[in-house]
Amino acid sequence: MPDSLNKKEDFAAIKKSIQVETFAEDQLRVANMAAKNKCMSVAQIKEIMLLFAFADDQLAFAKTAYDSCTNKADYYQLMEVFKFSEDKTNLENFINSK
């Protein structure tokens, strides 16, 4: 099981590592690596999702982060990040498939 991400400094460092990347695919790569190695809360996952400019990247990260989420029962809260119903439905289908 990945380590829990409890310290604000650790979370800030992850966000900074994502933000310094120039390209969306590199930002997603860094975020996915962090999600696989650290347990995150829904609130932390949401903060990282908001760093991405595109819904596809937000959705991809939400799917990767699910397995190491500390409060999966609250995962529905991430739907408010998306503007379009299609993206919300895609996340809902993913959650329901777990």
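These legends describe close-up views of one predicted model.

Local features in this predicted model need pLDDT of at least 70 and side-chain atom pairs count only at pLDDT 80 or more, while totals for chains, interfaces and linings use all residues. Residues are numbered from 1 along each chain as its sequence is written, and side-chain values use heavy atoms, with hydrogens and water left out.

**Figure 1. The whole chain.**
The chain has five helices and two strands. Helices (H or I, at least four residues) and strands (E, at least two) are DSSP runs, numbered from the N terminus. In sequence order, the pattern is β-α-α-β-α-α-α. The radius of gyration of the chain is 12 Å, close to the 13 Å that the globule rule gives for 98 residues, so the chain is as compact as a globular protein of that length. That radius is taken over C-alpha atoms, and the globule rule is 2.2 Å times the number of residues to the power 0.38. The C-alpha trace spans about 35 × 30 × 15 Å along its principal axes. Of the 98 residues, 38% count as buried; buried means under 20% relative accessible area, exposed means over 50%, and partly exposed lies in between (1.4 Å probe, protein chains only). Among contacts in the chain with a separation of 6 or more, 66% come from residues 24 or more positions apart. Contact means heavy atoms within 4.5 Å.

**Figure 2. Helix 1 and helix 3.**
Helix 1 covers residues 8–19 and helix 3 covers residues 42–49. Their axes come within 11 Å and cross at roughly 20 degrees. Axes are lines fitted to C-alpha atoms, for helices over the stretch in contact, and angles run from 0 to 180 degrees between N-to-C directions. Helix 1 and helix 3 are therefore roughly parallel to each other. Angles under 35 degrees count as roughly parallel, over 145 as roughly antiparallel, 65 to 115 as roughly perpendicular and the rest as oblique. The crossing of helix 1 with helix 3 is right-handed; a crossing has this name if the near helix is turned clockwise from the far one by less than a right angle, and is left-handed if anticlockwise. Helix 1 contributes Phe11, Ile14, Lys15 and Ile18 to the contact, and helix 3 contributes Gln44, Glu47 and Ile48. By class, the residues of this contact are four nonpolar, one polar and two charged. Ala, Val, Leu, Ile, Met, Phe, Trp, Tyr, Cys and Pro count as nonpolar, Asp, Glu, Lys and Arg as charged, and the others, Gly among them, as polar.

**Figure 3. Helix 1 and helix 2.**
The axes of helix 1 and helix 2 come within 8 Å and cross at roughly 155 degrees. The two helices are therefore roughly antiparallel to each other. On the helix 1 side, Ile14, Ser17, Ile18 and Gln19 take part in the contact, and they meet Gln27, Val30, Ala31 and Ala34 in helix 2. This contact has five nonpolar, three polar and no charged residues.

Helix 2 (residues 24–37) and helix 4 (residues 55–66) have axes that come within 9 Å and cross at roughly 15 degrees. That makes helix 2 roughly parallel to helix 4. Their crossing is right-handed. The contact includes Ala24, Leu28, Ala31, Asn32, Ala35 and Lys36 of helix 2, together with Asp57, Ala60, Phe61, Thr64 and Ala65 of helix 4. Its residues divide into seven nonpolar, two polar and two charged. Asn32 lies in helix 2 and is buried, with a relative accessible area of 15%. Not counting residues up to four places away in sequence, Asn32 touches Ala60, Phe61 and Thr64.

**Figure 4. Gln58 in helix 4.**
Gln58 is found in helix 4. At 8% relative accessibility, Gln58 counts as buried. Leaving out residues up to four places away in sequence, Gln58 touches Met49, Leu50, Phe52, Val81 and Phe82.

**Figure 5. Asn90 in helix 5.**
Asn90 belongs to helix 5 (residues 85–97). Its relative accessibility is 31%, so Asn90 counts as partly exposed. Apart from neighbours within four places in sequence, Asn90 is in contact with Leu59 and Lys63. Asn90 and Leu59 are 31 residues apart along the chain, and their C-alpha atoms are separated by 8.1 Å.

**Figure 6. Lys83 in a loop.**
Lys83 sits in the loop between helix 4 and helix 5. With 76% relative accessibility, Lys83 counts as exposed. The C-alpha atoms of Lys83 and Ala55 are separated by 8.4 Å, and the two residues are 28 residues apart along the chain.
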